Amino acid sequence: MKKSGFEELTPRQIVEELDKYIVGQTKAKKAVAIALRNRIRRQRLPQDLRDEVAPKNIIMIGPTGVGKTEIARRISRLTGAPFIKVEATKYTEVGYVGRDVESMVRDLMSVAISMVKNELREEVREEAERRTEEALLDILLPGTRKNHKPPSQEAPRTAEGAGSSAVPGSGGSEGAVITTDAAGGLAASGIIFPAAFLSPQEQETYAEAPAPPPPAPPAGSENISAGTRAKFRKKLSGGELDEKLVEINVSGGGGLPTIEVFSGASFEAMDFNIGGLGNIGNMLFGGGRPKKKKVTVKQAREILLSEEMDKLIDTDTVTDTARERAEQMGIIFIDEIDKIASKEGRSGSGDVSREGVQRDILPIVEGSKVNTKYGMIDTSHILFIAAGAFHISKPSDLIPELQGRFPIRVELEALTKDDFIRILTQPKNALIKQYTELLKTEDVKLTFDEGAVTRLAELAAEVNSRSENIGARRLHTIMELLLEELSFNAPEMTGAAVPVTPQYVDERLKDVVTNQDLSRYIL
């Protein structure tokens with residue numbers, strides 16, 4: 001199975017990878033890189049010492065739009081670790097106590113399950129594609145499959161299928177099912193008798209009766225079926241049958257819902273899988289039974305491929321691997337943590353609510369076992385990264401116990417004009433590259449000269465200084481307004497070349513930027 005993929009990365013290399021997408025904020029990048037490298041070092045320790053090393057959780061302090069969330073998101077992609085982002089404020093929605101703070105751990109486990117399942121699906125893809133092709137040929141050519149099964153597949157199944165005659169005391173497993181065609185063709189009529197329901201004399205009679213031989217195929221049908229199947233296989237592989245309509249059975253077992261059950265005044269939520277109700281759940285919610293669906297061969301291939309890959313994956317392996325990955329490598333990013341900090345010198349119902357949320361989050365960050373539908377998850381070694389602007393409150397306003405669980409504090413710097421210039425041009429996902437490529441799909445060539453980039457950065461810094469500082473997000477607003485008309489008219493400008501100069505920027509934006517009342521609403 002694919003590993004997390006960053007065991008050989010040094011802290012310096014991690015920072016270099018982050019530099020490809022995030023401008024500046026070297027202190028924050030270093031702190032995160034060290035925390036990740038420590039996780040690798042911990043895995044190399046002896047088992048008795050490994051469990052004693054706790055992760056060094058981080059608090060990022062800085063205004064919005066400076067890269068706090070992006071650093072955490074890029075780290076998760078770089079490491080292949082399960083990652084979720086939650087808003088601390090959502091846990092104040094119900095009463096004075098956090099709204100099921102344990103749901104963040106359940107969500108992390110779901111992400112881990114999805115990651116591991118996707119990796120395993122890729123490993124079995126080749127075999128699943130082979131099976132899917134055979135299944136499609138069976139649908140397109142009913143009746144040809146039986147002549148091409150290996151002898152092992154033609155043999156009668158014991159203890160569960162037709163032809164079985166094992167009974168207690170006859171060498172078979174105790175309690176086997178008797179389905180032979182004895183005493184008037186009982187098996188042929190579809191009746192299955194468990195051995196425990198028959199008298200010893202009846203068991204002996206049925207056990208001695210020979211299983212009926214399978215009907216012989218018509219003479220020459222094997223060659224005809226083989227040739228036809230080979231022709232259709234070639235057409236199927238070449239895509240000639242992609243638009244042909246076929247009817248397939250779609251499994252209905254995957255749609256069973258999961259609901260939340262709330263108990264007591266604390267509104268403690270639990271995952272409850274309707275699939276566990278068995279037939280009752282299927283009757284109530286319509287799951288379990290396959291249903292017929294008419295689709296094209298192309299669509300059927302995708303549906304059947306997905307089902308075949310799921311059949312080839314061992315669910316226990318998925319759960320065990322995902323649990324280990326979530327516990328040992330999981331990252332939970334708690335945003336807006338400053339919103340649940342009690343402001344110094346103030347006391348009220350809101351502050352009581354905030355402190356209650358902190359106390360609910362505390363045991364999860366400290367390390368506790370959380371019950372999920374995939375089993376118990378230990379949070380002791382999950383890395384928690386918290387972030388907040390802390391404009392009004394400060395980290396010391398958090399309860400002391402929670403402060404102690406975030407030993408690393410990093411302050412991110414506000415973005416300057418030079419930072420905006422780099423953001424527009426340097427990262428792999430630079431805004432100018434994005435808009436240039438988008439308009440290229442309409443055969444419109446968009447170019448930005450150096451002066452235009454500088455002017456855009458100046459305007460973004462100016463608006464941020466006058467109104468609310470939203471960091472790099474200001475560039476998105478300015479770029480959308482700058483290219484609004486061009487994006488609207490691009491389909492009628494095929495083959496045109498549009499140079500963006502400082503004059504073009506001023507023509508489109510100067511009036512809005514200089515008019516403070518207007519810029520407050522538009523930018």
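Reader: Which residues does D338 touch, not counting residues up to four places away in sequence?

Author: This is a predicted model: local features need pLDDT of at least 70, side-chain atom pairs count only at pLDDT 80 or more, and totals for chains, interfaces and linings use all residues. Taking contact as heavy atoms within 4.5 Å, D338 touches A387, G388, A389, F390 and S393.

Reader: Is D338 buried or exposed?

Author: D338 sits in the loop between strand 9 (331-335) and helix 14 (349-366); helices (H or I, at least four residues) and strands (E, at least two) are DSSP runs, numbered from the N terminus. Buried means under 20% relative accessible area, exposed over 50%, and partly exposed in between (1.4 Å probe, protein chains only). With a relative accessible area of 8%, D338 is therefore buried.

Reader: Which residues have the most contacts inside the largest nonpolar core?

Author: A nonpolar core is a set of buried Ala, Val, Leu, Ile, Met, Phe, Trp, Tyr and Cys residues joined through side-chain atoms within 4.5 Å. The largest one has 59 residues. Those with the most contacts inside this core are L446, F448, L456, M479 and L482.

Reader: Which residues does L446 contact, leaving aside its neighbours within four places in sequence?

Author: L446 is one of the residues with the most contacts inside that largest core. Its partners beyond those neighbours are Y435, T436, L439, L483, L486, V498 and V500.

Methods: Residues are numbered from 1 along each chain as its sequence is written. Side-chain values use heavy atoms; hydrogens and water are left out.
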